[in-house]
Amino acid sequence: MPGKEPIDISDLNAADAAAAIAIIVPLIERGPNLAARVTKRRPFAGPDELAAAIRAEILELDNDELIALFRRHPELAPAAPDTMTAESRQEQGRLGLAAPVAGVRERLAELNALYTRKFGFPFIIALHRHDDISSVIAAFERRLDGTTESEMAAAREEVASVSRRRVLAAFAPVEVTPA
């Protein structure tokens with residue numbers, strides 16, 4: 001993560017299960033059970049393989065597990081931003097969602113309520129793919145027209161994308177020595 005020392009993949013590979021889970025949990029929004037499953041896939045050759053393992057485990061979740069994972073994610077611009085993980089605060093803060101301007105705050109509160117009422121879990125979007133809040137709101141409005149099935153698939157992909165981004169930010173690149 002920005003501002004932190006990069007983690008070396010060999011440290012994750014060598015860690016005991018509890019320590020490895022603690023390293024992986026921040027990469028998956030409040031997903032300790034998922035982190036435990038990912039830990040069992042070690043060793044990882046590098047960050048890309050770790051991100052692929054997280055994605056694979058997300059794809060293996062059944063609908064109940066997936067919805068439980070989604071429900072642990074924060075809404076966009078929540079009323080109590082201090083309840084978000086540090087990673088989510090940073091990601092939402094980049095677009096001003098930690099303290100949005102009045103019109104944006106009200107619109108997001110309305111969209112959050114509509115979305116949760118329709119789908120049963122918060123709207124999840126990979127904010128790193130967006131340059132501004134208008135892009136996020138447009139995607140939010142568009143996805144409200146989706147079906148539960150399409151939204152579960154979209155949210156699954158968004159979680160995997162966010163996790164990948166977090167992995168690449170957290171881990172030092174693997175040094176390759178010439179043969």
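Me: At roughly what angle do the axes of H4 and helix H9 cross?
Reply: This is a predicted model: local features need pLDDT of at least 70, side-chain atom pairs count only at pLDDT 80 or more, and totals for chains, interfaces and linings use all residues. Residues are numbered from 1 along each chain as its sequence is written, and side-chain values use heavy atoms, leaving out hydrogens and water. Axes are lines fitted to C-alpha atoms, for helices over the stretch in contact, and angles run from 0 to 180 degrees between N-to-C directions. The axes of H4 and H9 (residues 148-170) come within 9 Å, and they cross at roughly 160°.

Me: Is H4 roughly parallel or roughly antiparallel to H9?
Reply: Angles under 35 degrees count as roughly parallel, over 145 as roughly antiparallel, 65 to 115 as roughly perpendicular and the rest as oblique. The axes cross at roughly 160°. Therefore H4 and H9 are roughly antiparallel.

Me: How do the residues of the contact of H4 with H9 divide by class?
Reply: Contact means heavy atoms within 4.5 Å. Those of H4 include Leu 50, Ile 54 and Ile 58, and those of H9 include Val 159, Ala 160 and Val 167. Ala, Val, Leu, Ile, Met, Phe, Trp, Tyr, Cys and Pro count as nonpolar, Asp, Glu, Lys and Arg as charged, and the others, Gly among them, as polar. The division is 10 nonpolar, one polar and six charged.

Me: How are H3 and H4 oriented to each other?
Reply: Helices are DSSP runs (H or I, at least four residues), and strands are E runs of at least two, numbered from the N terminus. H3 (residues 32-39) and H4 (residues 47-60) pack at about 120°, with axes 9 Å apart. H3 and H4 are therefore oblique.

Me: Which residues of H3 make the contact with H4?
Reply: H4 brings Leu 50, Ala 53, Ile 54, Glu 57, Ile 58 and Glu 60. By class, this contact has six nonpolar, no polar and three charged residues. From H3 come Leu 34, Arg 37 and Val 38.

Me: Is Thr 39 buried or exposed?
Reply: Thr 39 is in helix H3. Buried means under 20% relative accessible area, exposed over 50%, partly exposed in between (1.4 Å probe, protein chains only). At 6% relative accessibility, Thr 39 is therefore buried.

Me: Which residues is Val 104 in contact with, leaving aside neighbours within four places in sequence?
Reply: Val 104 lies in helix H7 (residues 102-119). Its 18% relative accessibility makes Val 104 buried. With those neighbours left aside, Val 104 is in contact with Ile 133 and Ile 137.
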